[in-house]
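Please look over the model shown here before reading on. The briefing below moves from one topic to the next, and each point can be checked against the structure.

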Amino acid sequence: MTAKAIQNKDNGKYLDLFISCPACGKGAASKWYHVGCGKNTEINEFGYVRCKNAHGAPFFNWKWNCGKHNGRYLKADPEFLSSAFQHLIESMAVKDFKWYAKLVTHVNEQFEGQ
């Protein structure tokens, strides 16, 4: 449910959003930025994504453009989430599997609740 992410937008631990495209699964993992302000984005274990200027929303509500969609922004496809999120755990200096498990659970709930 996206409500849990919204309720916890000021809680939890944020990490830089370093993933492959969750909409198409193409391309290498990279940091993502908010097109509205140009600032990098980050995600917490509740599945809330925000930019460094604090514009944010639940992961499910974001649209993504990796440059391979002909300029279109697309919603994340559940088929590509595990491969996209795998890059998050790989990019952690100290692997936090508890944080990662919570993230996967909460984002999955966002998709199931819609």
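What follows is a set of notes on a few residues, a core and a surface patch.

This is a predicted model, and that should be kept in mind with every point below. The notes begin with K52, which is found in the loop between strand 5 (48-51) and strand 6 (56-58), and go on to E42, which lies in strand 4.

- K52 has a relative accessibility of 44%, and because the partly exposed class runs between the buried limit of 20% and the exposed limit of 50%, K52 counts as partly exposed.
- If residues up to four places away in sequence are not counted, K52 touches D16, K39, N40 and E42.
- The side chains of K52 and E42 are joined by a polar contact of 3.2 Å.
- K52 and E90 are separated by 38 residues in sequence, and their C-alpha atoms are 22 Å apart in space.

- E42 counts as buried because its relative accessibility is 9%, and buried means under 20%.
- The side chain of E42 takes part in a polar contact of 2.7 Å with the side chain of R50, and in another of 3.2 Å with the side chain of K52.
- Once neighbours within four places in sequence are left aside, the residues in contact with E42 are Y14, L15, D16, L17, Y48, V49, R50 and K52.

**The largest nonpolar core**
- The largest nonpolar core holds 25 residues, and the members that touch the most other members are I19, I43, F59, W64 and F85.
- Helix 2 (81-91) and helix 3 (97-112) each supply at least two residues of this core.
- As general background, nonpolar side chains tend to be buried together in soluble globular proteins.
- I19 touches a list of residues that, without counting those up to four places away in sequence, reads A28, A29, S30, W32, F59, A84, F85, H87 and L88.

- Y33, V35 and Y73 make a nonpolar surface patch of about 330 Å².
- Within this patch, Y33 is found in the loop between strand 3 (30-31) and strand 4 (41-43).
- Y33 is exposed because its relative accessible area is 52%, and exposed means over 50%.

Methods: Residues numbered from 1 in each chain as written. Predicted model: local features only at pLDDT ≥ 70, side-chain atom pairs only at ≥ 80, totals over all residues. Heavy atoms only, no water. Helix = DSSP H or I, 4+ residues; strand = E, 2+ residues; numbered from the N terminus. Buried < 20%, exposed > 50% of the residue type's maximum accessible area, 1.4 Å probe, protein only. Contact = heavy atoms within 4.5 Å. Polar contact = N/O pair within 3.5 Å; in protein donor to acceptor, adjacent residues only side chain to side chain. Core = buried A, V, L, I, M, F, W, Y, C linked by side-chain atoms within 4.5 Å. Patch = residues over 30% accessible without salt bridge, like charges linked within 9 Å, V, L, I, M, F, W, Y side chains within 5 Å. Areas by Shrake-Rupley, 256 points an atom, 1.4 Å probe, with all protein chains shown as cover. Salt bridge = Lys/Arg side-chain N within 4 Å of Asp/Glu carboxyl O.
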